[in-house]
Amino acid sequence: MTTSWTSDELTGIGRAEELEIASVRRDGALSGPRTIWVVRVGDEIYVRSVNAPGSDWFRGTRARREGRIEADGVEKDVTLTDADGEINSEVDAAYRTKYGRYSANTIARITSPVAGSTTTRPRPRGAVDAQSDFGTRPAADDPINLTPHWRTGAYRPRIRRHFGDRTARADHRRAP
């Protein structure tokens, strides 16, 4: 299943002053939403942590790399992938253009190399990332049992460890 942003979604999110982002916690529940800045570069959306990798919302996205965003009437479940470092100069320029009316110090912080290291690309959940093999169909001879996720359809490892007659599952569920 391949999905991408519609033209209306890109336009709406791109013109929005701010975006609400909530990460999916390890238990599957949504965290509280955080308000952040968002820019559009081409047909992609990018967000950054102005407070570097230590900020709460950014650390929250590292656990499952899934979340929900809302901006300008667009609400979407997303997969959060790290952006390629080569795009940072374009993302910097987009932040300077869109938010240039704010203080020079604020713009310097959001376009700093430290903030650039947190550049994240939200994609509609179910979209396949061309730069990653996560979410693609596994090879038939793969020794790890890969099964599609129940909601997103992305292929994830489901490793089984055998202990005599009992099987422990390492797929984030506890054995009964």
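Asn88 is buried, with a relative accessible area of 19%. Buried means under 20%, so Asn88 falls within that class. This is a predicted model. Asn88 sits in helix 3. Which residues does Asn88 contact, leaving aside its neighbours within four places in sequence? They are Arg48, Gly116 and Thr119.

The largest nonpolar core has 29 residues. Nonpolar side chains tend to be buried together in soluble globular proteins. Within this core, Ile13 and Leu19 touch the most other members. Helix 3 (residues 88-99) gives the most to this core, with 4 residues.

Now look at Ile13. Leave aside its neighbours within four places in sequence, and Ile13 is in contact with Trp5, Leu19, Val38, Ile45, Ile69, Ala71, Val74 and Lys98. Ile13 belongs to helix 1 (residues 7-15), where Glu9, Leu10, Gly12 and Gly14 are buried along with Ile13. What do the buried residues of helix 1 pack against? Five strands take part: strand 1 (19-23), strand 3 (38-41), strand 4 (44-47), strand 5 (66-71) and strand 6 (74-82). Helix 3 is a partner too.

Strand 1 comes next. How many of its 5 residues are buried? The count is 4, so strand 1 is mostly covered. Strand 1 pairs with strand 2 (residues 34-36) in the antiparallel sense, over 3 bridges. There, Glu20 stands opposite Thr35 of strand 2. Strand 1 also pairs with strand 5, again in the antiparallel sense, over 4 bridges. Here Ala22 has Arg68 of strand 5 as its bridge partner.

Key
Residues numbered from 1 in each chain as written. Predicted model: local features only at pLDDT ≥ 70, side-chain atom pairs only at ≥ 80, totals over all residues. Heavy atoms only, no water. Core = buried A, V, L, I, M, F, W, Y, C linked by side-chain atoms within 4.5 Å. Buried < 20%, exposed > 50% of the residue type's maximum accessible area, 1.4 Å probe, protein only. Helix = DSSP H or I, 4+ residues; strand = E, 2+ residues; numbered from the N terminus. Contact = heavy atoms within 4.5 Å. Pairing = 2+ DSSP bridges.
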